[in-house]
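These are my notebook entries on one protein structure. I set down what I looked up, entry by entry.

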Amino acid sequence: MIRKPRRHRAAVVLLTLAALATACTASPDEPAPVEPVAADELCGGMFGSETGRDLQRLLVGRTEFYPRTRSEGTRVERVAERMREEAPGGGRPNYTRVSSVCSFLLCKEDVRTPCGGQREIDLYFGWTRQPRFTDEEKSEVLTFTAGDAEMTRAVDDLRRTTARFPCRLPSGHDAAVQGYFEGYWDNDLDDVTEQSSTRLRVLLSAASKVSASLGCTNRPRLSPSGVQTRR
């Protein structure tokens, strides 16, 4: 039997330990680390300075947020491109798909620094059949109107806010877009009306970006300033 030199055996042990350490600390399924950004820089500037301040107040006064991926800045354009391929009036309209146009975290996604509770924010958009909610849909929710958008939220649940608006496509077809603001977190806005209005303004800011990315030729009025908050 030929004995391996001690130096060779030591090198093998070190390589094995290094491989085990790498396997324990890295996973191809884990998102690449992303640096935090200010609210008005999130998702390619989806939220202007005023709505960015709304977002800070709504999300526990935080001033920095962690984009879910490194490509959040172009996500809305990619979603809009897919929506145009599945638009009403085309060969294969899709009224069931909704996609996130902006996704970020309240704190760093790291088990060593847990922030407790929910921490992920998503804004989803997709096609819907009508630009207005039906009477049945409005029977159990609160309804708001801001410009050309109709918006709803549950009477006793702020976790989902919904918006719809009309969009005339460059092809000439009339369509309707629906969006959601998902999630709920503790914050300093004690007044429910103020908290609800703040969420509506943030969702409208995202809707405005989606409308521009889709190329809606009717230029729907989706200004966040259309939602008033009681001070």
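The entries below go from the overall fold to single residues.

**Entry 1: the model and its conventions.** I noted that this is a predicted model, in which local features need pLDDT of at least 70 and side-chain atom pairs count only at pLDDT 80 or more, while totals for chains, interfaces and linings use all residues. Residues are numbered from 1 along each chain as its sequence is written, and side-chain values use heavy atoms, with hydrogens and water left out.

**Entry 2: the overall fold.** I looked up the helices and strands, which are DSSP runs numbered from the N terminus (helices H or I with at least four residues, strands E with at least two). The protein has five helices and eight strands. Along the sequence their pattern reads α-β-α-β-α-β-β-α-β-β-β-β-α.

I then looked up burial, where buried means under 20% relative accessible area, exposed means over 50%, and partly exposed lies in between (1.4 Å probe, protein chains only). Of the 231 residues, 41% count as buried. For contacts, the rule is heavy atoms within 4.5 Å. Among the contacts with a separation of 6 or more, 64% come from residues 24 or more positions apart.

Entry 3: How many bridges join strand E5 to E6? I found six, between antiparallel strands, with E5 covering residues 141-146; two strands pair if DSSP finds at least two bridges between them. Within this pairing, Thr145 stands opposite Glu150 in E6. Two residues lie between the strands of the hairpin, and Gly147 takes a positive phi near 65° there.

Why is strand E6 described as largely enclosed by the rest of the structure? I recorded that five of the six residues of E6 (residues 149-154) are buried, so the strand is largely enclosed. As background, side chains in a regular strand alternate between the two faces of the sheet.

**Entry 4: the disulfides.** A disulfide is a covalent bond between the sulfur atoms of two cysteines. The search rule takes a pair of cysteine sulfur atoms within 2.5 Å, and over the whole structure it finds two disulfides.

One joins Cys43 to Cys102, with an S to S distance of 2.0 Å. This pair links distant parts of the chain, 59 residues apart: Cys43 is in the loop between strand E1 (37-38) and helix H2 (49-58), and Cys102 is in strand E3 (residues 99-105). The link is right-handed, with 75° about the S-S bond. Cys43 and Cys102 are both buried, and for Cys43 the relative accessibility is 4%. I also noted that Cys43 has phi near 50°, a positive value in a residue other than glycine.

The other disulfide is formed by Cys167 and Cys216, whose sulfur atoms are 2.1 Å apart. Cys167 lies in strand E7 (residues 157-168) and Cys216 in the segment after helix H5 (192-214), so the pair ties together parts that are 49 residues apart in sequence. Here the link is left-handed, with -100° about the S-S bond. Both Cys167 and Cys216 are buried.

**Entry 5: empty space inside.** Rolling a probe the size of a water molecule over the atoms shows where empty space is left. I left pockets aside and asked about cavities: a cavity is a set of points, on a 1 Å grid over the protein atoms alone, where a 1.4 Å probe fits but cannot get out, and its lining residues have an atom within 4 Å of a point. Grid points are joined across faces, edges and corners, and a volume is the space filled by probe spheres set on the points.

The count comes to one cavity of 30 Å³ or more. The largest cavity has a volume of about 60 Å³. Its lining includes Val79, Arg82, Met83, Phe125 and Trp127. Helix H3 (75-85) and strand E4 (120-128) are the elements that give two or more residues to this lining.

**Entry 6: single residues.** Beyond residues up to four places away in sequence, Leu204 touches Ala146, Ala149, Met151, Leu222, Ser223, Pro224 and Val227. The C-alpha atoms of Leu204 and Pro224 are separated by 5.4 Å, although 20 residues lie along the chain from one to the other.

Thr51 belongs to helix H2 and counts as buried at 7% relative accessibility. Leaving aside neighbours within four places in sequence, Thr51 is in contact with Arg201, Val202, Ser205 and Pro224.

Last, I looked up Arg219, in the segment after H5. Arg219 counts as exposed at 73% relative accessibility, and its phi is near 50°, a positive value in a residue other than glycine.

Methods: 1 Å grid on protein atoms, 1.4 Å probe; cavity = no way out; pocket = protein on both sides within 12 Å on 5 of 7 lines; lining within 4 Å.
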